[in-house]
Amino acid sequence: MVLGLLLARGGVEVTVLEKHGDFLRDFRGDTVHASTLTLLDELGLGPAFEQVPHQDVDKIEALLDGGAKATIADLSRLPGPNKRIAMVPQWDFLDLLADAGRLEPTFTLRMNTEVTEITKSGNRVTGVKYRDRVNGHEGEFAADLVVAADGRSSILRAAVELPVYSFGAPMDVWWFRLPRKESDAVKGGAGRFSSGSALVLIPRGEYFQCAFLIRKGTDQAVRAEGIEKFRERVVTLVPWLADRVGHITDLDEVKLLDVKLDRLRQWHVDGLLCIGDAAHAMSPVGGVGINLAVQDAVAAATVLAKPLREGRVTGATLAKVRGRRLFPTVVIQTVQRVIHRLFLGRKLNSTETVSSTGMPLPLKIAQKLPFLQAVPAYVVAIGPRPEHAPDFARRDPQTIVRS
């Protein structure tokens, strides 16, 4: 959606294909990071975004024994005007982008259009085949460039068989919701780590979006223990949730995220480019997947708008997108791999909780020297090599009529 909007503002005829009829699905990644908020300001969409219901997070904390907390990242120390992460329903964010796109004469959004496979002429990708999910009609859509932005399970990525580096992960994640009260001690994002599991709480208005970490591959075994054992695990981690774990009445309400961490060795073939999770599946550590995907889109628009207008997109042109985004992708994935190996992997296989005396050394130092809390805040909320809107896509603040 971001790439489509920016390319359309650059005078490129662009069509976004979305297989569902709307965006009303239970997305897990509802974080709009500081760098994306800055991008929205540059696009003239900042005021419209502020009208979308959201919650601002300016701290990420660790919950310790006895109810104590330690600050991991303090976003109020970030440079620039946006010193926060906004938690916003992803369907509202996508609707905002779609409505902004519809203001551009060269932008088309086709809903209920499921891409089923690619079309080729020789070794070049020339478009896609699709199926209309309303009437079952099948057809083909020709394009000078196909962009695979269809996630970690991308069918387009699979179709062209691009080589991939896979790094593995020590955990999977169970997602669920629990009611939130204004009196709760957690105001920002917070995590609690204990024997064989961990719990991350993300405030979302009237509820917490909860990420319960389990050892990789143990989903069925943990489910077999039953709902009462699961509630017990949650309360053991965060005792003040005891008055609301009964809201989880069936483990079918708990959804599994099979955590993957990988990266394509090459992001393109002739006529097709992968971006976002289709190019690099991220760990949920830091919640940076959307942020990186948006920055991929900005970089792609910056590199490709003029060549697309002039009809001269080559493999070398497409390679420039990966060249521009490889460094931040490698940096973030390396940080995630280190956290996996040196912290999460150990904690999920230990019997110890994180206490004020047993904090990792970097966290201890950050409590003594609070200015250091700006470092993880910057890595998570802005990231290495943040992208900015190209001049052709910038606008004065706009009024967006929501569809």
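**Exercise 1. Decide how helices H1 and H8 are oriented to each other, and which residues bring them together.**

Solution. Helix H1 covers residues 2-9 and helix H8 covers residues 289-310, and their axes come within 9 Å and cross at roughly 30°. Here helices (H or I, at least four residues) and strands (E, at least two) are DSSP runs numbered from the N terminus, while axes are lines fitted to C-alpha atoms, for helices over the stretch in contact, with angles from 0 to 180 degrees between N-to-C directions. Angles under 35 degrees count as roughly parallel, over 145 as roughly antiparallel, 65 to 115 as roughly perpendicular and the rest as oblique; H1 and H8 are therefore roughly parallel to each other.

The next step is the contact, meaning heavy atoms within 4.5 Å. Val-2, Leu-3, Leu-6 and Leu-7 of H1 take part, together with residues of H8 that include Val-294, Ala-297 and Leu-308.

The structure is a predicted model, in which local features need pLDDT of at least 70 and side-chain atom pairs count only at pLDDT 80 or more, whereas totals for chains, interfaces and linings use all residues. Residues are numbered from 1 along each chain as its sequence is written, and side-chain values use heavy atoms, with hydrogens and water left out.

**Exercise 2. Describe how helix H2 meets H8, and give the classes of the residues involved.**

Solution. The axes of H2 (residues 34-42) and H8 come within 9 Å and cross at roughly 40°, which makes H2 oblique to H8. On the H2 side, Ser-35, Thr-36 and Leu-39 meet Asn-291, Val-294, Gln-295 and Val-298 of H8. By class, this contact has 3 nonpolar, 4 polar and no charged residues.

**Exercise 3. Find the edge strands of the open sheet of 7 strands.**

Solution. The order of the strands is S5-S4-S14-S15-S16-S13-S17, with mixed pairing; two strands pair if DSSP finds at least two bridges between them. S5 (69-74) and S17 (255-257) each have a single partner strand, so one side of each is left without a neighbour in the sheet. From one strand to the next, the twist averages 25°. S4 (residues 59-63) and S5 run antiparallel and are joined by 5 bridges, and Glu-61 has Thr-71 in S5 as its bridge partner.

Note on methods:
Ala, Val, Leu, Ile, Met, Phe, Trp, Tyr, Cys and Pro count as nonpolar, Asp, Glu, Lys and Arg as charged, and the others, Gly among them, as polar.
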